[in-house]
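Here is a briefing on one protein chain. Look over the sequence and the model, then read the points below.

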Amino acid sequence: MSFIERDGVKVFYEAHGEGRAVLLSHGYSATAEMWRRQVKYLSPEYRVIVWDMRGHGQSDSPDDPGAYSEEETVGDMAAILDACGADKAVIGGLSLGGYMSLAFQLAHPERTAALMLFDTGPGYRKDEARAQWNDMALKRAETLEARGLDALGRGAEVRISTHRSAQGLAHAARGMLAQRDARVIDSLPSIGMPTLVLVGENDTGFLAGSDYMANKIPGATKVVIAGAGHAANIDKPAEFTAAVREFLDPLDG
């Protein structure tokens, strides 16, 4: 069990295997555990790094709401790569983890060998759409504060995750799930590294966002996993991992 520590906040991570580093970030209210099958099947050839975001799983849930933000999350990702001795990595994630992967690329393009964006979106350019998303995030925070961990949904990635703090998840919803501006979505045309955009066929909330990213990111590869929902890696692990391998393996060639 490994942790980094930044400003007194301990963040959990695990690294498996050797080879090109691949950092995988989970979705909101999930944990590193959602990647267990990908760790098993990718780690023989790759150094697969998984972690728990602040407020999630085995990572700390600081009392200060200001300790939860896009900037702190990107900083945690960079610090984990430092701890693993990886100057550069393939950066990938699902849902919130995918958005944070885009944010990491924007902050650290020199450390991003490639991007993998799973069942995610790039944020919003229009204030009205962003406000609707943020209203959802704030309501999730309020429900967690009122009902505790019983308020967590029943999504596939949530069911295999264990959390310790409903308040930490509420802070994460307000500070990490909610969005402030259009920097990330505006950055898509300038992305210069190989990018995989993957989405489950039945993940209706993210189909349009996946199309948008695939069209805006130069040379992006798009894959739709038949019969999969929002947690495509759990719903269809063999098909998901095959698509990831088809993307990753040529990078070493």
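At 12% relative accessibility, His 171 counts as buried (buried means under 20% relative accessible area, exposed over 50%, partly exposed in between, with a 1.4 Å probe and protein chains only). This is a predicted model: local features need pLDDT of at least 70, side-chain atom pairs count only at pLDDT 80 or more, and totals for chains, interfaces and linings use all residues. Residues are numbered from 1 along each chain as its sequence is written, and side-chain values use heavy atoms, with hydrogens and water left out.

- His 171 sits in helix H6 (residues 166-177). Helices (H or I, at least four residues) and strands (E, at least two) are DSSP runs, numbered from the N terminus.
- Which residues does His 171 contact, leaving aside its neighbours within four places in sequence? They are Pro 62, Asp 63, Pro 65, Tyr 68 and Met 176. Contact means heavy atoms within 4.5 Å.
- Thr 204 belongs to helix H8 (residues 204-216).
- Thr 204 is exposed, at a relative accessible area of 65%.
- Between Thr 204 and Arg 164 lie 40 residues in sequence and 30 Å in space, C-alpha to C-alpha.

**The chain as a whole**

- The chain holds 10 helices and eight strands.
- A compact globule of 253 residues would have a radius of gyration near 18 Å; the chain has 17 Å, which agrees. The radius is taken over C-alpha atoms, and the globule rule is 2.2 Å times the number of residues to the power 0.38.
- Along the principal axes, the C-alpha atoms fill a box of roughly 50 × 40 × 35 Å.
- Of the 253 residues, 55% count as buried.
- Among contacts with a separation of 6 or more, 77% come from residues 24 or more positions apart.

- Strands E1 (residues 2-6) and E2 (residues 9-16) run antiparallel, joined by five bridges. Two strands pair if DSSP finds at least two bridges between them.
- Ser 2 has Tyr 13 in E2 as its bridge partner.
- E1 and E2 form a hairpin with two residues between them. In the turn, Asp 7 has a positive phi of about 55 degrees.
- E2 also runs antiparallel to strand E4 (residues 47-51), with four bridges.
- In E4, Ile 49 stands opposite Ala 15, and Trp 51 is the bridge partner of Tyr 13.
- Strand E3 (residues 21-25) pairs with E4 in the parallel sense, over four bridges. Here Leu 24 has Val 50 as its partner.
- E3, helix H1 (residues 36-42) and E4 make a right-handed β-α-β unit. Right-handed means that, with the strands pointing away from the viewer, the path from the first strand over the helix to the second runs clockwise.
- Four of the five residues of E4 are buried, so E4 is largely enclosed by the rest of the structure.

**Helix H3**

- Why is H3 largely enclosed by the rest of the structure? Because 10 of its 12 residues are buried.
- The buried residues of H3 include Leu 96, Tyr 99, Met 100 and Phe 104.
- At 1.5 Å a residue, the 12 residues of H3 (residues 96-107) should span 16 Å; the end C-alpha atoms are 16 Å apart, which agrees. The expected span is 1.5 Å times one less than the number of residues.
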